[in-house]
Amino acid sequence: MADTLLSLSGLTKAYPGVVANDDVSFDIREGEIHALLGENGAGKSTLVKMIYGLVKPDKGAMVFRGAPYAPAEPRAARASGVAMVFQHFSLFDALDVAENVALGMENPPPARDLAQQIREVSETYGLPLDPSRTVGTLSAGERQRVEIIRCLLQDPKLLIMDEPTSVLTPQEVEILFETLRKLKSEGTAILYISHKLEEIRSLCDHATVLRLGKNVGTCTPSETTARAMAEMMIGSTFATPAAKATTPGDVLLRVDNLTMPAPGSFGTPLRSISFELRAGEVLGFGGVAGNGQDELLLALSGERLAEKGTIWVKGADVSRDGPTARRAAGCLTAPEERLGHAAAPNMSLTENVILTAGRRENLVNNGFINWGRADQFAADVIKRFDVRTPGTHVAARALSGGNLQKFVIGREVAQNPDVLVVNQPTWGVDAAAAAAIRQALLDLAEKGAAILVVSQDLDELMEIADRFGALNEGRLSALKPVKDLDLEEIGLMMGGAHDMEVAHVAE
Amino acid sequence: MDLSNINPILLVASIMISATPILLAAIGEMVVEKSGVLNLGVEGMMITGAVIGFVVAINTGSPVFGFAIAAVAGAVISLSFGVLTQIFLSNQVATGLGLTLVGLGLSSLIGKPYEGMKTETLPKLDIPILGDLPVVGQMLFSHDIMVYLSLLLVLAVWAFLKYTRFGLILRAVGESHDSAHALGYKVIRVRMAAIMFGGACAGLGGAYLSLVRVPQWTEGMTAGAGWIALAIVVFASWRAGRVLVGAYLFGGITVLQLNLQAAGMTWGVQYLSMSPYVITILVLVLISSNRKKGSHNAPANLGQTFHATR
């Protein structure tokens, strides 16, 4: 078991202006789950792309199962027994599951045999999947299953997983971990990239930490605290967000019996949701994805108009106002989907700040854009929230996920809203940046803003929210103070959301 | 008006002749678009094929050779589109329109000395038994080989896209070039091949006009056939079977309205002349809107420039 499967030595890869990997060396043993840790932009993705043959290293060598290994293309990597599950899925929406699987294989069997194999493997590993479904209709968790099964059918020796859990519900995470442990017991090594430290502690045997493209150390996650690993990642200590005691003030956001039909065949209807949010308060809504989170955000942002008299901001009925009017009234929102919803992918960061902050920050005068001010505001957001980017002229899509997340949340926070509604504020963001975002939300609350955080990360809600409510099939549970809750109780609040407790036993 | 002047047997026979060039161009363009490339230069590639095929046939006396070289010429001129859009990442719409203009100009330059000449045409096949059937034999089984090749080509393209691995890869590239690239497929190479196939098909279609249907060379003789082929691909929802329906419908109504005019119908000649365009598009719109979700199955990356980052 202790034999070395893949040995990396001195891997270096530079892109114009940035050294993505600088002399990285480490070994992956057979049959182990090896974590690759690092902040956003630490070079994790580049490193695995070199192992998978998508990128050629400038320097350095790899040895795989005792033989020199330098895949020229992914095909060669797959042939050697290396398979990869991508962070941004490499799937084709309009094709069905079997076709998607076939595209990831070197010599796929005829269609009927392949469908049979998919069924077999998916049952063996507890990943139910119908080979004839069109991929576009699948949930995030099911799409990932397609990717995993595509890899498993090739009987890989090394499975690379790039942030596999960032889009999964807690139940799906638990199912995935079961699968990975089963694979490990069968002798498959797994290179697991993540910055969810608790996951790594419960799953991985060893961890290699990258910082700014360099290997800064290896540890045994089960014997190291999450905090110690996080500090290795960022190279310094960071402050845990500290909530300050504030007494809730006036009601800033009141939602009164909000009911809405589902926005399309795949959505969830909202069913008589009522709550009050006061100045200085942070309210957390948890729940498994797809239970009305997105729909609630659409209703609160004004993208879908609610019935008259259901949404009140600072005592005024805004139910029939669109997003611009609600922004003017002081109610800002940051949706979950960063690219395409929160930010326009091909527009520069400056242009993206104008889109939401144009009015509030006076970036637009009489219909003319004040580019100087807009640029200044974008630069302020970048500086204040430590967004790693060459400048404000960069297109939003060029930022890594975590950096863009910092930018879109920072853009709203910097406008000093009265009410801020955020959905999954730290999705795909590393520990230090997540702490910074949470701290910014808490600081904002301290200044008297009312904040609603919708998140699937229960730990995050426990950390920053004053009161907690669960969304389940479009209904909101009773709201309870967080300090009186434990995880078991939250599981019950999510009612009907199965196995919630199981999913958190690992902690 | 004397409808008895219209011979139904000859009518059906000439419908097949009239539909073939559009069918050839459309099925080629469908493959190109399935790979995610929007080549608006069909008209230009067709007319290039028409003039080259005609010139070669005149000079060699062999229309078959003319067709072959026309296909090569279509592929070569489409290659210029491919190089510009796939390697130099130029805008596909603008480049396609440019290709049309180049094709029209180049063809009139090359074809000038050949105006008014007559060429050999493809012989009608003499199919035993089938060709001797009464009525049906003359309608369907006494055409030249290109008519049947074009029908075979539709079948082949359908089977290629549906059943073969390369067909799957081609569709995958059109669906998501980033995903295909991540899996290690050569996006640009696949698209280049598709573009050249589309060019060759358009070239054959053009040559059919100048070598069989007319058969002589006149400037601008494609007269919008390339644009109709493009429209048919879209309204046929990128399905080979519907492309066939669209092409035959258009060809059919074109011939029918010409026959009506010839039969002495004097009322609304303009309406008759526009009817093939209007009816073809209406029918295909109805076919594609009649179904639930998924009927608009345009390749997701159609017309988008692919550039491999990292």
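## Close-up views of a predicted model

View 1. Strand 11 (residues 251-260) of chain A is joined to strand 14 (residues 311-313) of chain A by three bridges. These two strands run antiparallel. Find Val255(A): opposite this residue stands Ile311(A), in strand 14 of chain A.

**View 2. Another open sheet of four strands in chain A has the order 2-1-4-5.** The pairing here is antiparallel. Strand 2 (18-29) and strand 5 (67-68) of chain A are the edge strands. Strands of a sheet pair through backbone hydrogen bonds. Follow strand 1 (residues 4-15) of chain A. Eight bridges join strand 1 to strand 2 of chain A, and the two run antiparallel. Leu8(A) faces its opposite number, Phe26(A), in strand 2 of chain A. Strand 1 of chain A also pairs with strand 4 (residues 59-64) of chain A, over five bridges and in the antiparallel sense. There, Leu6(A) stands opposite Phe64(A) of strand 4 of chain A.

**View 3. Strand 4 and strand 5 of chain A form a hairpin.** The two strands pair in the antiparallel sense over two bridges. Val63(A) stands opposite Pro68(A), which is in strand 5 of chain A. How many residues lie between the two strands of the hairpin? There are two. In the turn, Arg65(A) has a positive phi of about 50°.

**View 4. Helix 12 (residues 371-384) and helix 13 (residues 401-413) of chain A pack at an angle of about 115°.** Their axes are 9 Å apart. The crossing of helix 12 and helix 13 of chain A is right-handed. Which residues of helix 12 of chain A make the contact? They are Val381(A), Ile382(A) and Arg384(A). Helix 13 of chain A brings Phe407(A), Gly410(A) and Arg411(A). The residues of this contact divide into three nonpolar, one polar and two charged.

**View 5. Chain A meets chain B.** In this contact, 16 residues of chain A touch 13 residues of chain B. Helix 2 (74-80) and helix 3 (97-103) of chain A each supply at least two residues of the side of chain A that touches chain B. The largest share of that side, three residues, comes from helix 3 of chain A. By type, the residues of the side of chain A that touches chain B are ten nonpolar, two polar and four charged.

**View 6. Chain A is divided into domain 1 (4-234) and domain 2 (251-505).** The C-alpha centres of domain 1 and domain 2 of chain A lie 31 Å apart. The mean pLDDT of chain A is 84. Of its residues, 92% reach 70 or more. Over residues 496-507 of chain A, pLDDT stays under 50. For that stretch, the model has 21 contacts beyond four places in sequence. Where pLDDT is low, the predicted coordinates should not be read in detail.

Definitions and conventions
Residues numbered from 1 in each chain as written. Chains lettered and ligands numbered in written order. Predicted model: local features only at pLDDT ≥ 70, side-chain atom pairs only at ≥ 80, totals over all residues. pLDDT = per-residue confidence, 0-100. Contact = placed C-beta atoms within 7 Å. Domains from an automatic or database assignment. Pairing = 2+ DSSP bridges. Nonpolar A, V, L, I, M, F, W, Y, C, P; charged D, E, K, R; others polar. Axes fitted to C-alpha atoms, helices over the stretch in contact; angles between N-to-C directions. Left-handed = near helix turned anticlockwise from the far one by under 90°.
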